[in-house]
Amino acid sequence: MSIEGKVVLVTGAAQGIGRGIALRLAKDGADIALVDLKADRLTGVAAEIAALGRKTVSITADISKRDDVYAAIDKAEQALGGFDVIVNNAGIAQVNPIASVTPEEVERIFRINVDGVLWGIQAAAAKFQARKQKGKIINAASIAAHDGFAMLGVYSATKFAVRGLTQAAAKEYASAGITVNAYCPGIVGTDMWVEIDERFAALTGAPKGETYKKYVEGIALGRAQTPDDVASLVSFLAGPDSDYITGQAILTDGGIVYR
């Protein structure tokens with residue numbers, strides 16, 4: 001069963017996992033609203049989606065701001081003629097020992113990783129209910145939503161929070177026919193992991209590339225994850241075959257964390 005003709009909004013869609021998700025969902029037949037702060041990078045992703053024969057709209061928004069998220073969903077509905085799925089993908093990483101984290105760093109990562117997901121859940125559910133339809137909410141968590149990782153303590157806390165929001169929202173919105181799930185990637189070969197590796201190198205003295213290599217070597221399936229690996233799970237969660245799944249934070253990590 002497919003998502004042909006569905007309208008999906010993807011945050012953080014300009015690059016990395018978000019771009020991979022947007023392209024996979026377009027290939028599977030959905031029309032895509034692309035949301036990011038990096039408007040220039042959205043142009044290229046929009047062109048790739050148009051080349052697949054799907055409709056798209058690019059929206060510049062700061063997902064940490066509640067009004068921006070509500071406005072983005074309104075724009076998606078107006079431009080694409082509906083609204084069926086939100087993928088709350090946007091997020092940032094932070095590498096720092098707990099002893100060194102500053103209030104400003106905590107505020108920033110929670111505002112993006114947690115507040116951004118909360119506003120996405122809230123705004124999407126409100127739109128589904130206003131349209132008197134069922135809907136799907138899909139949130140970006142992480143293996144760090146299941147295990148806390150050293151030097152990634154505050155990042156882990158934000159992803160545990162996303163997992164909690166996913167469970168609570170699933171319970172609150174089930175009676176409206178709205179499912180809420182999360183995907184939990186592991187070590188994905190994107191710009192974010194380049195930044196994580198460089199930060200580990202600066203803090204620990206490890207050579208650049210060493211931390212990434214160490215984590216990849218711990219993956220049971222023997223390779224780093226790609227955005228396409230993540231997008232496959234998201235496409236399943238966006239489609240009708242997942243209609244009886246809600247409140248789950250599903251690991252897609254090649255075998256790092258086991259639950």
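## Exercises on helix H7, the cores and the overall fold

What covers the buried residues of H7 includes helix H6 (191-204); contact means heavy atoms within 4.5 Å. The model is predicted: local features need pLDDT of at least 70, side-chain atom pairs count only at pLDDT 80 or more, and totals for chains, interfaces and linings use all residues. Residues are numbered from 1 along each chain as its sequence is written, and side-chain values use heavy atoms, with hydrogens and water left out.

**Exercise 1.** State which residues of helix H7 are buried and which exposed residues its opposite face carries.

*Solution.* 
- Step 1. Helices (H or I, at least four residues) and strands (E, at least two) are DSSP runs, numbered from the N terminus; H7 spans residues 210-217.
- Step 2. Buried means under 20% relative accessible area, exposed over 50%, and partly exposed in between (1.4 Å probe, protein chains only). In H7 the buried residues are Thr-211, Tyr-215 and Val-216.
- Step 3. These buried residues line one face of the helix, because they fall within an arc of 130° seen down the axis of H7; the arc is that of the directions from the helix axis to the C-beta atoms.
- Step 4. Lys-214 and Glu-217 are the exposed residues on the face turned away from the buried side of H7.

**Exercise 2.** Describe the largest nonpolar core and what lies apart from it.

*Solution.* 
- Step 1. A nonpolar core is a set of buried Ala, Val, Leu, Ile, Met, Phe, Trp, Tyr and Cys residues joined through side-chain atoms within 4.5 Å.
- Step 2. The largest has 55 residues, and Leu-9, Ile-59, Ile-73 and Ile-137 have the most contacts inside it.
- Step 3. Helix H4 (residues 103-130) gives the most to this core, with 9 residues.
- Step 4. Apart from this core lies another, of 30 residues, including Leu-25 and Ala-231.
- Step 5. Characterise the protein as a whole.

*Solution.* 
- Step 1. Its secondary structure comes to 8 helices and 7 strands.
- Step 2. The radius of gyration (over C-alpha atoms) is 18 Å, close to the 18 Å that the globule rule (2.2 Å times the number of residues to the power 0.38) gives for 259 residues, so the protein is as compact as a globular protein of that length.
- Step 3. Buried residues make up 52% of the 259 residues.
- Step 4. Among contacts between residues at least 6 apart in sequence, 71% join residues at least 24 apart.
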